[in-house]
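Grab a pencil and open the viewer. Let's work through a couple of exercises on packing.

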Amino acid sequence: MTFSESIKFKYRWFNYLPSVSPFVLVIVVSFFLSAKHLTDELWQDEVYTLVHFASKGFFYPFLDYHLPNNHMLFSALLAKWWFPGCSTIYLRTLPLCIFLITLIIYPFVATRIAGRSAAFFALFFFGVSPITQNFALQIRGYSVSWLPILISLLSLATYVQNGIWYWGLAYVFASAISVAIIPTNIFFCGIFVVWGWIQILFDSKRKFNDYISRLTIITIGPLLGFIAYAYVLNDFFSLSQKKISPWRWLAILKHWFWATSFDFIFFLPVIGFGFILLFKKTLRKNDFSVGEISTNLSLIVSTFFIVAIWVVIFPNPPFPRNFVPFLPVWFLMAGYLASLGFDCLFHNKPHASKFILLVLMAISIFSIIHRNNSTFSKINTEFPQDLRRQYYHENFYPSQAAFLLKKMAGNGSLSVLTDYDGIYCLGYLLNNSDKNNLKLLHYKIWKYKVNDSQSLPRFVVTHSFSELKRILNSVGISSVRLTIK
């Protein structure tokens, strides 16, 4: 390369910086927002995953499905990462690395599907959302599912358009992996299946027979993920019919809309305006090729269609967190609508558009930070499955509780009444000698197997004020006045 060619090459890279730097900035901000959770202590479901599945070897998660806490493929991966005595920071480094890869890939997927402007909106919504930050570093399969779901969306769009075999293979592989992590991901992959069918059925450029092989691969790809559950099919189908979540479908859907939009409330008028524009443009331009108006509307329609089927087929709803794997695609659709609204409202006004966008972004970030600092309650009167809050970490200090209990026990023994959080989180922190001195007893076990007021433990450890009242009422102590500082 000559000197002049080298100068031209470097100059081209400098030309790319203004267009790339906003994406890089959002990725860096999102990554550091999530990194602060590296020191979060393990909560009940995380400890349960480690103790009952990951700690027993790579293949064991595929042989035991007594509870849906087993996110199989992630539990198997965690088994290779975990070792006895490893720190919480080390454990959370695994999802942190996967999250960083997700953040880097996300703009490419969003640009491929909806365009560069929509990709920036989507990355901002996804990157700074409290839901994203709450789940990104959990030792669970929810955030880990983001990466294969995005890869399956990207590869599906490319495969439908050009039919290249390795994109079809990538789609099959990624969609199957997402289902092998969490079985309910089949519904999110089902959205992609319906979306792919719409693109093919409304394509007037080729004959339907040309697409038979593609339709077959699109349909069976996610189903291959159920191979991971082959050994535990009886337990899998049995659990799928049980009512595990206390939530109802209407409450879940309302909470999802609220949780994903509350922090971007000032963007909602623009998103709503963008949806009206999308519908009008679809009527004028019936083009279902990837990246065009109609195909983005079909992705939205596919989402509502599959969710409706989910509600009908499974009247026993999951927890709201089962929707978290779909979060990047949800924000991709919101980002596309926001970009349509902004482009129309500020057409030929780039400076005004950038100024308004920066103001709205600043308001969203400030409000998120402010609420994170102000809503951390001293007394958590409820323990909801709120996706926006670190509900499982509010007033949650198992290491401090373990230290105080060991100090009070000294060389003697101490019985402690607790709930599942105490049983698993404290039990995970205590070594074998500690467990000989500290007897952790679940309050329900005491009630139904002991139920002797003379042997009632003097100490209660729990995660919230409401749970403390529940425990005391359960064991017959309801007239105690509690003062908490």
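Two exercises follow, each with a worked solution.

Before starting: this is a predicted model, where local features need pLDDT of at least 70, side-chain atom pairs count only at pLDDT 80 or more, and totals for chains, interfaces and linings use all residues. Numbering starts from 1 along each chain as its sequence is written, and side-chain values use heavy atoms, with hydrogens and water left out.

**Exercise 1.** Work out in what order the three strands of the open sheet lie.

Step 1: helices (H or I, at least four residues) and strands (E, at least two) are DSSP runs, numbered from the N terminus. Two strands pair if DSSP finds at least two bridges between them.

Step 2: five bridges link β1 (residues 414-418) to β2 in parallel, and L414 has L438 as its bridge partner in β2.

Step 3: the order comes out as β2-β1-β3, with parallel pairing. That leaves β2 (438-442) and β3 (459-461) as edge strands, each pairing on one side only.

**Exercise 2.** Find how helices α7 and α8 pack, starting from their angle.

Step 1: α7 (residues 146-162) and α8 (residues 165-181) pack at about 150°, axes 8 Å apart.

Step 2: angles under 35 degrees count as roughly parallel, over 145 as roughly antiparallel, 65 to 115 as roughly perpendicular and the rest as oblique. So α7 and α8 are roughly antiparallel.

Definitions and conventions: Axes fitted to C-alpha atoms, helices over the stretch in contact; angles between N-to-C directions.
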